[in-house]
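Visitor: Please take a close look at one part of this model for me. I would like the charged side chains and how they pair up.

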Amino acid sequence: MSFGQAVSSVFSKYATFSGRARRSEYWWWYLFVTLVFVVASVIDRAAGLTYGDTTYAGGWIASIAGLALLLPNLAVGVRRLHDTGRSGWWLPTGLVPLGGFVRRRYFFLLDSENDNQYGPYPKG
């Protein structure tokens, strides 16, 4: 799956928490979100829209982008966990300092599982 296909796929499934997302779809999406935040932060700084503390790179535009991308970001994360045979309830474990974040990233790096309860093997 290419960068454009992945971004298009995630946006077409904006709030779809069922099904599966392959590694390529998730990581291309992750790159897209990172690029959006970098660009939004640069625009915020250039326009003087940052918050009072300049140590935080974001501002109003980055916050709006974050809200717009929150739901598809959660949805693709849940679908990625489904692809590895795990419930979407593993997603909040990333909030646990260090250990939860590392465990969730490990799950996102795993290869697709064969047919499972969340759908058929996505690699055909």
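**Salt bridges in the predicted model**

Guide: Arg 23 is partly exposed, at 33% relative accessible area. This is a predicted model. The partner of Arg 23 is Asp 111, and their side chains form a salt bridge at 3.3 Å, N to O. The two lie 88 residues apart: Arg 23 sits in helix α2, Asp 111 in the segment after α4. Asp 111 is also partly exposed, with a relative accessible area of 37%.

The count of salt bridges comes to four. Another one joins Asp 83 to Arg 20, at 2.8 Å, N to O. This pair, too, links distant parts of the chain: Asp 83 is in helix α3, Arg 20 is in the loop between α1 and α2, and 63 residues separate them. Asp 83 has 0% relative accessibility, so it counts as buried. Arg 20 has 11% and counts as buried as well, because the cut-off is under 20%.

Asp 83 also meets Arg 80 in a salt bridge, at 2.5 Å, N to O. Together, Arg 20, Arg 80 and Asp 83 are linked in a network of salt bridges.

The axes of α2 (residues 23-47) and α3 (residues 60-83) come within 10 Å and cross at roughly 170 degrees. That makes α2 roughly antiparallel to α3. Their contact comprises 15 nonpolar, four polar and six charged residues.

Technical notes:
Residues are numbered from 1 along each chain as its sequence is written. This is a predicted model: local features need pLDDT of at least 70, side-chain atom pairs count only at pLDDT 80 or more; totals for chains, interfaces and linings use all residues. Side-chain values use heavy atoms; hydrogens and water are left out. Axes are lines fitted to C-alpha atoms, for helices over the stretch in contact, and angles run from 0 to 180 degrees between N-to-C directions. Helices (H or I, at least four residues) and strands (E, at least two) are DSSP runs, numbered from the N terminus. Angles under 35 degrees count as roughly parallel, over 145 as roughly antiparallel, 65 to 115 as roughly perpendicular and the rest as oblique. Ala, Val, Leu, Ile, Met, Phe, Trp, Tyr, Cys and Pro count as nonpolar, Asp, Glu, Lys and Arg as charged, and the others, Gly among them, as polar. Buried means under 20% relative accessible area, exposed over 50%, partly exposed in between (1.4 Å probe, protein chains only).
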